[in-house]
Amino acid sequence: MRSIRVGIAGLMALAVVGIGHESSNLPTPSTEMGRAYATHVGAAHSTGKPSVGLVDKKGKIVVNSKTYAIYWGKPKEFPADVQPGVTALLTGLNRSSYLATIDEYMRGKQATTQYVRSFVDVSRPPATDPTPQVILAEVRKVLRQAAVKPDANAVYLVFSSNLPKVDYCAWHAAGDVLGVQTQVAYVPNTSGTSTCYRAANFPNVSPYSFGTRSIADNAAHELLEAMTDPIPGTSWVDSNFEEIGDKCDFVYSSAVALNGQRNVWQLQSQWSNRAKACVQVGVVSQIALPAKPHRQSGSKHTS
Ligand SMILES: [Zn+2]
């Protein structure tokens, strides 16, 4: 299984246009769904849709993810607080009730995510919509330079200092990095646009800049999808090939508490089959108490 699921594109534009309609000319499962622009903030995507929930297509899932942040571009072109913000997000997600929103899709296990480290590459990021191959090549480059081994359970989040002219907010994909099939996400710098994030004015929300909060919301969306449907379209997707985050894009019902942090975050809801709704707190852990203790590092998962 080496086929890369490529072709980000603005397919979600199709889905956005198609909201509330039974659409038969759907994107193919082999195509990666980008996080589309927020042209439809408000009610959950599920409203009026024929598809009820996510279906397990039995492909790879990533129960115990390791996250790596790669900052591509000149530091001064990013929001000044992006690195501490993203680090806090990726660290605090582990053992959070928000991460537990994906437990019901983990085939009996409990999801964990461990933030490993960051890399900085000050070279110029792509000026136009990068393909998954371009992002995979960037991951290969930084790992090779730092002599870090690739990890099949990793999600390499590539943050670019720029926002090329694209019609999405972020995407994730899978592919080969130095001989290992793994996960990548592309999260461009959305600090200059309000189409990828809308501040909901929750009290005590994270003290980071608008741009960093936007980037964090996009990163959370892609990370949870990269764990539940790492090779897009082969694991948990609905009949429209929407993933867990796509069904609840830009739906914020309350602020999200992360592990060990005083402030809260504005992170979008995720689709729960059990609740038949967009949720921000895991449903399995609420129902199935007492839960097994979280495992810090787990079994290896190969697809
Ligand atoms: Zn998505």
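Visitor: What share of the contacts between residues at least 6 apart in sequence join residues at least 24 apart?
Guide: This is a predicted model, in which local features need pLDDT of at least 70 and side-chain atom pairs count only at pLDDT 80 or more, while totals for chains, interfaces and linings use all residues. Residues are numbered from 1 along each chain as its sequence is written. Two residues are in contact if their C-beta atoms, placed from the backbone, lie within 7 Å. Among the protein chain's contacts between residues at least 6 apart, the share joining residues at least 24 apart is 78%.

Visitor: How many helices and strands does the protein chain have?
Guide: Both are DSSP runs numbered from the N terminus: helices are H or I over at least four residues, strands are E over at least two. On that basis the protein chain has five helices and 12 strands.

Visitor: What percentage of the residues count as buried?
Guide: A residue is buried if 20 or more other C-beta atoms, placed from the backbone, lie within 10 Å of its own, exposed if 12 or fewer, and partly exposed in between. For the 303 residues of the protein chain, the buried part is 49%.

Visitor: Within what arc do the buried residues of α3 fall?
Guide: The buried residues of α3 are P132, I135, L136, E138, V139 and L143. The arc is taken from the directions from the helix axis to the C-beta atoms. These buried residues line one face of α3, because seen down its axis they fall within an arc of 155 degrees.

Visitor: Which residues are exposed on the other side of α3?
Guide: The buried residues of α3 are covered by elements including β3 (64–72) and β4 (112–121). On the other side of α3, the exposed residues are R144 and Q145.

Visitor: Is V281 buried, exposed or partly exposed, and why?
Guide: V281 sits in the loop between β12 (277–279) and α5 (283–287). V281 has 18 C-beta neighbours inside 10 Å, so it counts as partly exposed.

Visitor: How far apart in space are V281 and S96?
Guide: In sequence, V281 and S96 are 185 residues apart. In space, C-alpha to C-alpha, their separation is 8.5 Å.
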